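Welcome, and please load the model in your viewer. We will go from stop to stop, with something to select at each one.

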Amino acid sequence: QVQLMESGGGLVQPGGSLRLSCAASGSVFSISAMAWYRQAPGNERELVAGISRFGDTNYADSVKGRFTISRDNDKKSVYLQMNSLKSEDTAVYYCYLWSASGNRYWGQGTQVTVSS
């Protein structure tokens with residue numbers, strides 16, 4: 001039983017910043033990777049940023065240079081610092097966890113709206 005607790009979403013003006021947080025709780029003690037996905041209405045869910053247990057990161061081309069993913073392995077948490085936000089970033093953002101045992105978990109999603 002694993003739960004992903006997300007926070008940090010909300011409404012922000014273009015050019016602004018938000019920081020998303022996600023903490024895993026429950027019976028997961030070894031994490032292979034954590035990531036952030038997003039899905040806008042009518043669009044497929046897409047990978048925004050991911051980070052492995054070793055700190056390797058990857059980003060969608062659309063967010064490179066603006067978003068930064070980080071993690072705290074001891075806290076079983078992942079963060080997404082989003083800067084220079086654009087209206088195109090508006091979506092529901094989902095936290096994702098891949099455990100070393102092969103199980104995969106999703107957060108409930110948090111709304112990020114970028115609008116003036």
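Start by selecting Tyr37 and Tyr96: both are buried, where buried means under 20% relative accessible area, exposed means over 50% and partly exposed lies in between (1.4 Å probe, protein chains only). Before going further, note that this is a predicted model, in which local features need pLDDT of at least 70 and side-chain atom pairs count only at pLDDT 80 or more, while totals for chains, interfaces and linings use all residues. Residues are numbered from 1 along each chain as its sequence is written, and side-chain values use heavy atoms, with hydrogens and water left out.

**Stop one: the aromatic rings**

Keep the two tyrosines on screen. Rings of Phe, Tyr and Trp (its six-membered ring) pair if their centres lie within 6.5 Å; planes under 30 degrees apart are stacked, over 60 edge-to-face, and the rest tilted. By this rule the count is three aromatic pairs. Tyr37 and Tyr96 make an edge-to-face pair, with 5.6 Å from centre to centre and 65 degrees between the planes. Tyr37 sits in strand β4 and Tyr96 in strand β9, so the pair ties together parts 59 residues apart in sequence. Strands here are DSSP runs (E, at least two residues), numbered from the N terminus.

**Stop two: the disulfide**

Next, select Cys22 and Cys95. How far apart are their sulfur atoms? They are 2.0 Å apart, and the two residues form a disulfide, a term that asks for a pair of cysteine sulfur atoms within 2.5 Å. The pair links distant parts of the chain, with Cys22 in strand β3 and Cys95 in strand β9, 73 residues apart. The structure holds one disulfide. Turn the view to look along the S-S bond: the torsion about it is about -90 degrees, so the disulfide of Cys22 and Cys95 is left-handed. Cys22 has 1% relative accessibility and counts as buried; Cys95 is buried too, at 0%.

**Stop three: the nonpolar core**

Now show the side chains of Trp36, Val48, Phe67, Val78, Leu80, Met82 and Tyr93. These are the residues with the most contacts inside the largest nonpolar core, which has 29 residues. Such a core is a set of buried Ala, Val, Leu, Ile, Met, Phe, Trp, Tyr and Cys residues joined through side-chain atoms within 4.5 Å. Among the elements that give two or more residues to this core are β1 (2–7), β3 (18–26), β8 (77–82) and β9 (91–99).

Centre on Tyr93. Leaving aside neighbours within four places in sequence, Tyr93 is in contact (heavy atoms within 4.5 Å) with residues including Glu6, Leu20, Trp36, Val48, Phe67, Leu80, Met82 and Val112.

**Stop four: an open sheet**

Switch to a cartoon view and colour β1, β3, β8 and β7. In which order do these four strands lie? They form an open sheet in the order β1-β3-β8-β7, with antiparallel pairing; two strands pair if DSSP finds at least two bridges between them. β1 and β7 are the edge strands, each pairing on one side only. From one strand to the next, the twist averages 15 degrees, with axes as lines fitted to C-alpha atoms and angles running from 0 to 180 degrees between N-to-C directions.

Zoom in on β8, where five of the six residues are buried. Six bridges join β8 to the antiparallel β3; here Leu20 has Leu80 as its bridge partner, and Ser21 has Tyr79. Another six bridges join β7 to β8, also antiparallel, and Thr68 stands opposite Gln81. At the hairpin of β7 and β8, with four residues between the strands, look for Lys76, which takes a positive phi near 55 degrees.

**Stop five: two last residues**

Select Lys86, in the loop between β8 and β9. Is Lys86 buried or partly exposed? At 38% relative accessibility, Lys86 counts as partly exposed. Not counting residues up to four places away in sequence, Lys86 touches Arg66 and Val114.

Finish at Ser52 in strand β5. Ser52 counts as buried at 17% relative accessibility, and beyond its neighbours within four places in sequence it is in contact with Ser32, Ala33 and Arg71.
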